[in-house]
Amino acid sequence: MGYLSPLLAARNMKETIEFYTKSLGFKMGMAFPDANNPEYVDLAKDGMVLMFIPAKDHGISREEKLGIGVYLYLQIDGDIDEYYQELKKKGVKIAVDIKDEPYGVRDFTVEDIDGYKLAFNQVTAKNCLSCGMPMTKLEDFGGGNSANIYCVNCANPNGSLKSYEEVSEGMANFMMKIQNMDKETAEKAAKEYMAKMPAWERK
Ligand SMILES: [Zn+2]
């Protein structure tokens, strides 16, 4: 797997460091040549690293506005609501308030001092323990019960898990249709996929 490292130009390195560490709770990593007069600094949260360089040293004039069109989507480790409250308490300006997205993510957006937008988020969707499908709406859950650990495709109308044969057959049919597989390949792929799912791993 590759690794993406965003490098952002900052108007004022010291203010940037202060904003990210004091207001957003980032940890300071490497500063070059030193933290008092940095020409480079990296700031990290939950293993996500943002690198900063001074805008003036890189041909970006005062008139140019930074941050336009740049959205960074940061999936944090801790509880998104707790982090949101913590930032509000520190007086951080929230650009877009916290909300649940239709694709199973809860997020809010902050603008840093140069206008870079940081969308902090957390995946909230539950995944079916039989097929892995994200369940976000009530009708996605087996038996229409949001406490069910199985989705509507893997559960009987009363919410109980269908048999291994029923689920693997349904999954194979789905793969044949979506991925254009022949029956034999799809059946094999469905069984291989299911072997990794919590509901079937001992099958
Ligand atoms: Zn399922």
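**Burial and overall form**

I began with burial: 18% of the 203 residues of the protein chain count as buried. A residue is buried if 20 or more other C-beta atoms lie within 10 Å of its own, exposed if 12 or fewer, and partly exposed in between, with C-beta atoms placed from the backbone. I note that this is a predicted model, in which local features need pLDDT of at least 70 and side-chain atom pairs count only at pLDDT 80 or more, while totals for chains, interfaces and linings use all residues. Residues are numbered from 1 along each chain as its sequence is written.

I then looked up the radius of gyration, which is 23 Å for the protein chain, whereas a compact globule of 203 residues would have one near 17 Å. The radius is taken over C-alpha atoms, and the globule rule is 2.2 Å times the number of residues to the power 0.38. The C-alpha trace spans about 65 × 35 × 30 Å along its principal axes.

I found two domains in the assignment: domain 1 covers 7-123 and domain 2 covers 126-194. These bounds come from an automatic or database domain assignment. The centres of domain 1 and domain 2, taken over C-alpha atoms, are 39 Å apart.

I counted contacts next: of those with a separation of 6 or more, 40% join residues 24 or more positions apart. Two residues are in contact if their C-beta atoms, placed from the backbone, lie within 7 Å.

**Elements**

I listed four helices and ten strands in the protein chain. Helices (H or I, at least four residues) and strands (E, at least two) are DSSP runs, numbered from the N terminus. Their order along the sequence is β-α-β-β-β-β-α-β-β-β-β-β-α-α.

I traced an open sheet of four strands in the order 1-4-3-2, with mixed pairing. Strand 1 (7-10) and strand 2 (27-32) are at the edges with a single partner strand each, so one side of each has no neighbour in the sheet. The twist from one strand to the next averages 25°. Two strands pair if DSSP finds at least two bridges between them.

I checked the pairs. Strand 2 and strand 3 run antiparallel and are joined by four bridges; Ala31 has Val41 in strand 3 as its bridge partner. Strand 3 (residues 40-45) also pairs in the antiparallel sense with strand 4 (residues 48-54), over five bridges, and there Val41 stands opposite Phe52. Of the six residues of strand 2, zero are buried, so strand 2 lies largely in the open.

I saw helix 1 (residues 13-23) lying across strand 1, strand 2, strand 3 and strand 4, at about 10° to strand 3. Axes are lines fitted to C-alpha atoms, for helices over the stretch in contact, and angles run from 0 to 180 degrees between N-to-C directions.

I picked Ile53, in strand 4. Ile53 is partly exposed, with 18 other C-beta atoms within 10 Å. Leaving out residues up to four places away in sequence, Ile53 touches Leu7, Ala9, Glu39, Tyr40 and His58.

I found strand 5 parallel to strand 8 (residues 117-123), paired over five bridges, with Tyr71 opposite Lys117.

**Largest nonpolar core**

I looked up the largest nonpolar core, which has 14 residues; Cys128, Cys131, Cys151, Cys154 and Met171 touch the most other members. Helix 3 (164-178) and helix 4 (183-194) are the elements that give two or more residues to this core. Such a core is a set of buried Ala, Val, Leu, Ile, Met, Phe, Trp, Tyr and Cys residues joined through C-beta atoms within 7 Å.

I followed Cys128: beyond four places in sequence, Cys128 touches Met133, Met135, Tyr150, Cys151 and Cys154. Met133 is in the loop between strand 9 (126-127) and strand 10 (134-135). Met133 is partly exposed, with 16 other C-beta atoms within 10 Å. Met133 and Cys151 are 18 residues apart in sequence, and their C-alpha atoms are 7.1 Å apart in space.
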